[in-house]
There are 2 protein chains.
Amino acid sequence: MAPEKLCSATARLSTLKTMVSQALTDVDIAQAHTLEPITGIARRAGIPADAVIPYGTTKAKVDITRLPRDAPTGKLVLVTGVSPTPAGEGKSTVLIGLTDALTRAGKKAAVAIREPSQGPLMGMKGGAAGGGYSQIVPMEEINLHFTGDFHAVAAATNTLAALIDNHIHQGNALNIDSRRVTWQRCMDVNDRSLREVVTGLGGSAHGVPRETGFTITAASEIMAILGLATDLTDLKRRLAAITVGFTRERKPVTAGQLQAEGALAALLKEAINPNLVQTLGGTPAFVHGGPFANIAHGCNSLLATRVALQYADIVLTEAGFGSDLGAEKFFDIKARYGDLDVAGTVVVATIRSLKFNGGLAKEELATENLAALKAGVANLERHVSNIQQFGVTPVVALNVFTADTTAEREFMRTWARGFGVALAEAEVWAKGGAGAAELAELVLGNLRGRSTQLYDPADGVEASIRTIATRLYRAGDIEYSPQAHKDLAVIRENGWDRLPVCISKTQYSFSDDPRALGAPSGHTLHVRELLPRTGAGFIVALTGAVMTMPGLPSRPSAERIDVAADGRISGLF
Amino acid sequence: MAPEKLCSATARLSTLKTMVSQALTDVDIAQAHTLEPITGIARRAGIPADAVIPYGTTKAKVDITRLPRDAPTGKLVLVTGVSPTPAGEGKSTVLIGLTDALTRAGKKAAVAIREPSQGPLMGMKGGAAGGGYSQIVPMEEINLHFTGDFHAVAAATNTLAALIDNHIHQGNALNIDSRRVTWQRCMDVNDRSLREVVTGLGGSAHGVPRETGFTITAASEIMAILGLATDLTDLKRRLAAITVGFTRERKPVTAGQLQAEGALAALLKEAINPNLVQTLGGTPAFVHGGPFANIAHGCNSLLATRVALQYADIVLTEAGFGSDLGAEKFFDIKARYGDLDVAGTVVVATIRSLKFNGGLAKEELATENLAALKAGVANLERHVSNIQQFGVTPVVALNVFTADTTAEREFMRTWARGFGVALAEAEVWAKGGAGAAELAELVLGNLRGRSTQLYDPADGVEASIRTIATRLYRAGDIEYSPQAHKDLAVIRENGWDRLPVCISKTQYSFSDDPRALGAPSGHTLHVRELLPRTGAGFIVALTGAVMTMPGLPSRPSAERIDVAADGRISGLF
């Protein structure tokens, strides 16, 4: 699963498993399902047979070099959510159930979502993608290695690191300042011990000692690049543009100067092809690319979205976190670079998340509390109005839980009528597509969008940050740290000031203070640091500490994961 | 390619490309070839269709859980070589050409060899496996990620490392001595900067600082385990038995005590299945597992060999380096654990390697020198007589090069008659299977072996080392360093003294001195250190410095590797 969703599976288990009498786990449900051969899924979608690269019988890659370059004709629907509780609100599960509901309604639908990271699987119990009867399968294989994309990204990332250190070791013709190498290695393993390391020890035959670190693979800039590249040529161009560090004269050094882009692209040649799997409802699911939703744009690959739009009439896709984070980045980074038009949006809300935003503690969420719900609904209102700023009319999907009371559900329906937004309940975990029929109808009735972007990057990084902060976060002011001021100078000096921005902010608040729940306004956004991601093509603005390499808990779920003699996996969820 | 073959491709290029008038490279030849669909190869081999897991159309894995457990009926032929020049002698190329010759002769033949390591590919120009018209295809895909086995081994290796550091960080209930953790992380990248590192820096939230290092993935004990495991149950048993370090009281700590084996086996669930590809001659090729030939046993997986023997009448397999290294380990470790019987052996020799062993410098090898050849042939004699100690009659394959003169080739034929060994020339690089017809006949005529092992591990590690050293290396004495004496005590204390030994020694000499070429005897073998590999099930005896993480050269081949817009790879060879 995406690292930032670490806890959602645990929560789903504890809160939702009473919904099914047998208390089946996700992996039980997934393993009990008979999958359609992936060649059949591809054939029904209309994908040319010679473009389908099977990985076993239930997974495939779609060879982008063998697809016709027709303009996509499908309608794109973006699924986002309210500011979450630490447990997550089941956004992917709603998305998958909703798509299956569209399929049941006779529509040619498809899913396009990120692929899961393997590292967190060994930490907290849980897996991706979706849950209950709204899952993408084969879930164990999607969670374990899948088609190797993360490994390819890691291989490219670490090959580039090796080329940098080798360049310094072999004479350093480019005069790279070994203290100013910004490129980090990565690994798809939760390993806090790799966050800060010293490499190159042991004497002059073993490189130059320097301080560096590892991120989890999802946080590598190459993952972001893979998610935005339009073809192999664009991939190489972006790889060459990666800034790996600075010279002693403070000039940027690129991967292109190390002549690395050809080899890195060769390592990514298969990874760039979108993966095709299926939902439990037999809907084609393109699960591809897995960039962070924080220091990167947090959505599935542009190519997967495009291929899905080419072969389906309606495509549901997801962006990490709420309108302030994933959705904003979806419109301003991915849709901008990919020339995508979003026809509709869905904001997933849960009664417990709104009560959490209304001030309740995590332990109090299972008890009816209309006052907290009323206070917290301001958060949903803010997300809805944020989305409207991108030119699209959102539909609210209320993901219902057994603890939700009749009065609370009634309150939400009344609120929606008053606020003028379409709302439907979804019961997708327990019922799959059958639990989202009304929601599907609402979505189909609201495909009138023509989406826009929020800012013009040509106005410069500071102006872009200001627009996002004032219009979406409702900040009163923006404060740049001394480091951020220095970073801005470097950005201007090197001609990076017209790149879109990717703001890294807590998902729990519209402000940069995770405790300011609900719908705060007038706060000050603190920009601490600006990181040029010249390959991906954006500037990351850090507004808080970001953990790019998770750790393992005291009882890692790795202790419970097992495989039987017949190859059957257990303990994933 | 296997790391220890780093230079062989370069040499093949420079020495052999004059053999084909168009100076085609390996990748040119491979790309010009039309491959048979892998399902067709599997069908012809008789592998049940439901056991074939396609990875694209030209690669597959064979699902071991779906195969009948019949006793293999094929005959196994082991291909080994003389002590090599630094450029290698084309052992794999001869093996592949020879198998294609057997196929041409109407035999149901198969290849079983190691899969290549990706890291070295970015360093020295070159790829695996085989070369010219004796290759295994699709060569680019086999060389780049293949079916993800190396990545799975790295994921398991690094997950175990994370579990160890996490255990220490979370309270260290097992009382692991952080200075005595012997488990290292790995990566399939040539990166000297990772040989010696300090991890866990940055404060108490980020683990416990300690000195450690990375090896290349091929050197991970988990790669050796994957190569010896007979099924998923045996895999888990071996994983649990890995010694990861020692407590403060000097008691060994195992992966099993960390409850890691289930999760690690889950990560290796697909990797354990042998890969099926094909030779240019259409022969099924099982390319699976890639352990070092030095600190590990250096041959393809036991499962690949077994599956090959189940579906072919004659299977050619390879062991890293000569009779003193790979072949000895093949008989004494792999064949012992896997209950394999070797029916025939081939010793690959080249005139230039014998002249090198006869004292010529690398630069002089292209010039006729019968005196050097006569002196160097003692090396071949030694390898032949070593092989005979395992109960099998070797055939000599003379891999001819354009620089070989008529007089030199005639000398070899005369020598073979005099020494009483069957010899045939092979011209497999330029001619494929057609260049090994005579060799194939000789091999078929010499399948009368019933192989044995050299020593009984029950006699203890010291006795096993003595037997190998005196009977194969012809050492006069064995000297243990003070460290090796300490290690021996630990081995006895912990009940590891009855494990087979895996001697890590230079491939250039029968002694531990790489300059002592030819057929030295009476030398002293220096055992410096003994490493328990309790998961793989052997004790590594180091007799010299071993580099388990290669570096990149000043002009890495990564600079020349490229991929075109249509996905075509170039620069691999």
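Tutor: Let us begin with L447(A), which, leaving aside its neighbours within four places in sequence, is in contact with K75(A), V77(A), I314(A), A343(A) and G344(A). The model is a predicted one, and the residue itself is found in the loop between α16 (437-444) and α17 (461-471) of chain A.

D149(A) forms a salt bridge with K61(A), and the closest N and O atoms of the two are 2.7 Å apart. Because D149(A) lies in helix α6 (residues 149-169) of chain A and K61(A) in strand β2 (residues 60-62) of chain A, the pair ties together parts that are 88 residues apart in sequence. Over all chains, the count comes to 57 salt bridges.

The crossing of α10(A) and α11(A) is right-handed. On the α10(A) side the residues that meet the partner helix are L302(A), T305(A) and R306(A), and on the α11(A) side they are K334(A), Y337(A) and G338(A). By class, this contact of α10(A) with α11(A) has two nonpolar, two polar and two charged residues.

A second pair in chain A is made by helix α13 (residues 370-388) and helix α14 (residues 406-419), whose axes come within 11 Å and cross at roughly 40°. These helices, α13(A) and α14(A), are therefore oblique to each other, and their crossing is right-handed. From α13(A) the contact draws on L370(A), L373(A), K374(A), V377(A), L380(A), E381(A) and V384(A), while α14(A) supplies A407(A), E408(A), F411(A), M412(A), W415(A) and F419(A). Sorted by class, the contact of α13(A) with α14(A) has 10 nonpolar, no polar and three charged residues.

Chain B gives us a further helix pair to consider. There the axes of helix α6 (residues 149-169) and helix α7 (residues 221-228) come within 9 Å and cross at roughly 125°, and α6(B) and α7(B) are therefore oblique to each other. The crossing of α6(B) and α7(B) is right-handed. F150(B), V153(B), A156(B) and T157(B) of α6(B) make the contact with I222(B), M223(B) and L226(B) of α7(B), and by class it has six nonpolar, one polar and no charged residues.

Finally, we come to where the two chains meet. Here 67 residues of chain B are in contact with 67 residues of chain A, and the chains bury about 5600 Å² between them, 62% of it on carbon and sulfur atoms. In chain B, the residues that lose the most area to chain A are R192(B), S193(B) and V563(B), which together account for 9% of what that side buries. The count of salt bridges between chain B and chain A is four. K236(A) forms a salt bridge with D562(B), with the closest N and O atoms 2.9 Å apart.

How values were computed
Residues numbered from 1 in each chain as written. Chains lettered and ligands numbered in written order. Predicted model: local features only at pLDDT ≥ 70, side-chain atom pairs only at ≥ 80, totals over all residues. Heavy atoms only, no water. Axes fitted to C-alpha atoms, helices over the stretch in contact; angles between N-to-C directions. Helix = DSSP H or I, 4+ residues; strand = E, 2+ residues; numbered from the N terminus. Parallel < 35°, antiparallel > 145°, perpendicular 65-115°, else oblique. Left-handed = near helix turned anticlockwise from the far one by under 90°. Contact = heavy atoms within 4.5 Å. Nonpolar A, V, L, I, M, F, W, Y, C, P; charged D, E, K, R; others polar. Buried area = accessible area lost by both parts, 1.4 Å probe. Salt bridge = Lys/Arg side-chain N within 4 Å of Asp/Glu carboxyl O.
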